[in-house]
Amino acid sequence: GHDERWWHRATGYQVYPRSFSDSDGDGMGDIPGIISKLGHLSDLGVGFIWLSPVYASPMVDNGYDISDYRDIAPEFGTLDDMDRLIAEARKRDIAIVMDLVVNHSSSLHPWFKAAAATRDCPEHAYYIWRDPAPDGGPPDDAQAAFGGSAWSFVPEVGQYYFHFFSGAQPDLNWQNPALRAEIYDMMRWWLDRGVGGFRMDVISLIGKDVDTRIYEEGPYLHGFLQEMHREVLAGRDLVTIGESWSVSTETGLRYCGRDREELDMVFEFSHIREGWHPELGKFAPKPFDLVAFKRALFAWQELTRDDGWHALFLSNHDLPRQVSFYADDGAHRRPAAKTLATVLHMLRGTPFVYQGEEIGMTNARFDRIDQYRDLETLNHFNAQIAEGVEPSEFLAGANRNSRDNARTPMQWSAAPNGGFTTGTPWIETNPNYPDINVEQDLPDPDSIFAHYKRLIALRRDRDVIAFGQTEPLWEDDPDILAFERRLGAERLLVVANFTNRDQTRALPSHLANRAAKGLAWSHAPRDDIPDRLELQPFESLVWIFD
Ligand code: ISL
């Protein structure tokens, strides 16, 4: 048992502002654009928006490099626009969850400019500096996530600073109490403006110890999160979601366990990593393996059975489009989109919809490197080409896994550039926008959008969906994903065909001869429950037994 909170039944929606809706024709989405689309989100039924960063930024990493935590990037609007967004969303019962990027700042943040000018200022200690190695080189050979050394030299101070990501993203020194106080103060400032919580970017990096080269889930992490809870979060009605690439089922409850007083839930990536090559990483993807995927999903359902809570997602701005990655973005795109939604939204946890997912948007399919904008993709391209990888081979990997797959403009209509902008978009629109867009999807009662809307409403209305226990079925089946949810005597059965072939399975015997009612379906409604389940390609069905 647990105390019910509003976000237990709510669905989140991620807006990636530069690609959502452009109100002024500069080719870049903006806050007035988001406000103009709140009707779409309220129709969908979402409870909160996770807004990717809109703060002042040189945009080296599309806003994940913040130069002023208390101001808005001019291309996105003004603080007044932001206040209006918070108020307009609230009128529709939608909370705004800000992206909190405090593992690092931008190198153009005034703190870093001061820190890099002289050692004799308090801000110097806001960052992580080490003396050069005896040969003048970096202190060690740590590599940055976006390529190259994780250390950059600043001649003015004669030291190297540490950056887990690019050199334009110096890591903040969380061991400095004055820096932590600045961050907590900034968080309270946003909460006082009315935001409903935070999604915390790469939060498991803040407790790092560079000298022992422990970066993820370092020795200071949970002490800092507990301090942040005491200083900022306690006593407020918020939702907090930490992002972590290292959290495992061993460590998950340290973040969100009942007695921890840290976060409400974490975004974890074990189910995503199942699709990457174990040594070569994301640009050399391996084929999707349903059994491994199920193992990852169900392990987290099991972990959060009685304690903690889970954040459910298949896509975001760093990941490929889910229909393209997990299922089929060609002939079976529509049922595949619905089936992925069904599986995720019928699990226990808080589901997240990434913009465009609700109409089944697909990967970008760029065939030239100059169509890409993402620094991670471009840096890895340069590094791998230098090592002799064929450009065409790299592009095949990028077509599958580059972050830009999810960053092409939202497809609102069949108007030029999908109605996203009247100008030239900052990144090319997917050429399939005349067929895949909100305007054409919406009127159809069998649309992908209508399916999402139904699933989101079911979670609000049905206790078994919000709070039931998850019981996996057929865990070794390579083609079908199936599970039950149980609450008291209520049973929910979810069955999903992950192949492009017909499949037949026997109904589990303990469910035979019970009355059931269809709740959601990808193809046609089926009210009766047959003893043999016959599933078309990518078909999924949900039944409730009472
Ligand atoms: O996708 C990734 C794993 O290779 C990384 O690109 C990504 O950096 C990682 O998911 C962490 O992501 C978050 O922090 C980054 C930012 O670039 C991402 O957009 C953000 O979601 C640095 O702030």
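## Helices α5 and α6

In this predicted model, helix α5 (residues 177-192) packs against helix α6 (residues 221-233) at an angle of about 40°, and their axes are 10 Å apart; axes here are lines fitted to C-alpha atoms, for helices over the stretch in contact, and angles run from 0 to 180 degrees between N-to-C directions. The two helices, α5 and α6, are therefore oblique to each other, given that angles under 35 degrees count as roughly parallel, over 145 as roughly antiparallel, 65 to 115 as roughly perpendicular and the rest as oblique. Helices (H or I, at least four residues) and strands (E, at least two) are DSSP runs, numbered from the N terminus.

On the α5 side, the contact (heavy atoms within 4.5 Å) is made by Arg180, Tyr184, Met187, Arg188 and Leu191, while α6 contributes Phe224, Glu227, Met228, Glu231, Val232 and Leu233. Sorted by kind, the residues of this contact of α5 with α6 are seven nonpolar, no polar and four charged, where Ala, Val, Leu, Ile, Met, Phe, Trp, Tyr, Cys and Pro count as nonpolar, Asp, Glu, Lys and Arg as charged, and the others, Gly among them, as polar.

## Helices α11 and α15

Helix α11 (residues 333-345) and helix α15 (residues 448-461) pack at an angle of about 10°, with their axes 10 Å apart, which makes α11 roughly parallel to α15. Residues of α11 in the contact include Arg333, Ala337 and Leu344, and those of α15 include Ile448, Tyr452 and Arg459. The residues of the contact of α11 with α15 divide into seven nonpolar, three polar and four charged.

## The five-stranded sheet

Strands of a sheet pair through backbone hydrogen bonds, either parallel or antiparallel. Here an open sheet of five strands has antiparallel pairing and the order β14-β15-β16-β20-β18; two strands pair if DSSP finds at least two bridges between them. Its edge strands, each pairing on one side only, are β14 (469-473) and β18 (516-521), and neighbouring strands of this sheet are turned by 20° against each other on average, direction ignored.

The antiparallel strands β14 and β15 (residues 480-487) are joined by five bridges, and the bridge partner of proline 472 is phenylalanine 483 in β15. Helix α9 (residues 290-303) lies across β14 and β15, running at about 15° to β15.

## How the model was read

Residues are numbered from 1 along each chain as its sequence is written, and side-chain values use heavy atoms, with hydrogens and water left out. Because the model is predicted, local features need pLDDT of at least 70 and side-chain atom pairs count only at pLDDT 80 or more, whereas totals for chains, interfaces and linings use all residues.
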